[in-house]
Amino acid sequence: MNPKSTFSIAGHPIHPMLIPFPVAAFVGTLVLDIVYARSGDPAWAAATNWMLGAGLVMAALAAVAGLIDFFGDSRIRDLRDAWFHMIGNVVLVLIEAVNLWRRMAEGGDFIVPTGLVLSLIATALLLFNGWKGWEMVYRHRVGVSEDPGTTR
């Protein structure tokens with residue numbers, strides 16, 4: 001039997017349902033940073049704060065679901081990829097939290113170039129963390145039912 005996702009509804013793991021939201025918000029922050037850098041319009045600077053804040057809220061929800069899965073099955077904790085995925089996401093959230101905090105304190109002046117660089121680093125981390133998440137599902141079969149007719 002494969003490692004089991006312990007936080008699920010009707011056999012459907014919750015963590016993978018939540019992760020698209022912070023991913024979209026953090027990549028959206030990078031896009032809005034670029035728009036702000038090109039336009040200088042303060043409305044775009046304000047939009048980056050909202051996008052980043054939404055990403056952090058959704059990342060917190062995804063983290064709770066991921067931690068429940070991580071601590072719910074020792075076979076998941078035994079996977080090196082799971083540790084890389086978790087630690088990478090903790091670093092990502094810390095970077096984005098600092099990014100939002102400094103934007104709130106300094107305004108648009110922080111976005112170019114420092115906030116933009118932090119958004120680029122965050123996007124690179126998203127790629128790495130997503131790769132490790134893929135490894136967990138497709139290589140280690142975490143949360144995957146071998147019998148398509150059953151729920152877990």
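These are my notebook entries on what I looked up in this predicted model.

**Ground rules**

I number residues from 1 along each chain as its sequence is written, and my side-chain values use heavy atoms, with hydrogens and water left out. Since the model is predicted, I keep local features only at pLDDT of at least 70 and side-chain atom pairs only at pLDDT 80 or more, while totals for chains, interfaces and linings use all residues.

**Entry 1: the overall fold**

I started with the protein chain and found 6 helices and 2 strands, arranged along the sequence as β-β-α-α-α-α-α-α. My helices (H or I, at least four residues) and strands (E, at least two) are DSSP runs, numbered from the N terminus. The C-alpha atoms fill a box of roughly 55 × 25 × 20 Å along the principal axes.

Next I checked burial, where buried means under 20% relative accessible area, exposed means over 50%, and partly exposed is in between (1.4 Å probe, protein chains only). Of the 152 residues, 38% count as buried. I also looked at contacts, meaning heavy atoms within 4.5 Å. Among those with a separation of 6 or more, 73% join residues 24 or more positions apart.

**Entry 2: what the record says**

The unreviewed entry places "domain: DUF2231" at residues 11–145. Over that stretch I read 87% helix and 1% strand, with the end C-alpha atoms 9 Å apart.

The unreviewed entry also places "transmembrane region" at 21–38, 50–71, 83–104 and 110–131. I checked two of these against the model. Residues 21–38 are 100% helix and 0% strand, with ends 26 Å apart by C-alpha. Residues 50–71 are also 100% helix and 0% strand, and there the end C-alpha atoms are 32 Å apart.

**Entry 3: the largest pocket**

How much space lies in the largest pocket? I noted about 980 Å³. For the method, I worked on a 1 Å grid over the protein atoms alone: a pocket is an open set of points where a 1.4 Å probe fits, with protein on both sides within 12 Å along at least five of seven lines, and lining residues have an atom within 4 Å of a point. Points are joined across faces, edges and corners, and the volume is the space filled by probe spheres set on them.

Of the 43 lining residues, the closest to the pocket centre are His 15, Pro 16, Ile 19, Gly 66 and His 85. Helix 6 gives the most to the lining, with 8 residues. Other elements supplying at least two include strand 2 (12–13), helix 1 (15–18) and helix 3 (42–72).

I sorted the lining into 26 nonpolar, 14 polar and 3 charged residues. Here Ala, Val, Leu, Ile, Met, Phe, Trp, Tyr, Cys and Pro count as nonpolar, Asp, Glu, Lys and Arg as charged, and the others, Gly among them, as polar.

**Entry 4: nonpolar cores**

I define a nonpolar core as a set of buried Ala, Val, Leu, Ile, Met, Phe, Trp, Tyr and Cys residues joined through side-chain atoms within 4.5 Å. The largest has 12 residues, among them Phe 26, Leu 52, Leu 92, Phe 110 and Ala 122. Helix 3, helix 5 and helix 6 each give two or more residues to this core, and the largest share, 5 residues, comes from helix 6. Leaving aside neighbours within four places in sequence, Ala 122 is in contact with Leu 92 and Glu 96. I also found a second, separate core of 6 residues that includes Ile 76, Leu 79, Ala 82 and Val 142.

**Entry 5: single residues**

Is Asp 81 buried or exposed? Asp 81, in helix 5, is buried, with a relative accessible area of 10%. Beyond its neighbours within four places, Asp 81 contacts Lys 132, Glu 135, Met 136 and His 140.

Val 35, in helix 2, is partly exposed at 28%.

Most residues other than glycine have a negative phi, and most peptide bonds are trans. I noted some departures. The bond from Val 112 to Pro 113 is cis, with omega near 5°, and Pro 113 lies in helix 6. Ala 10 has a positive phi of about 50° and counts as exposed at 57%. Arg 141, in the segment after helix 6, has a positive phi of about 65° and is partly exposed at 30%.

Note on methods:
UniProt positions are given in the numbering used here, feature names are shortened, and annotations may be inferred rather than shown by experiment.
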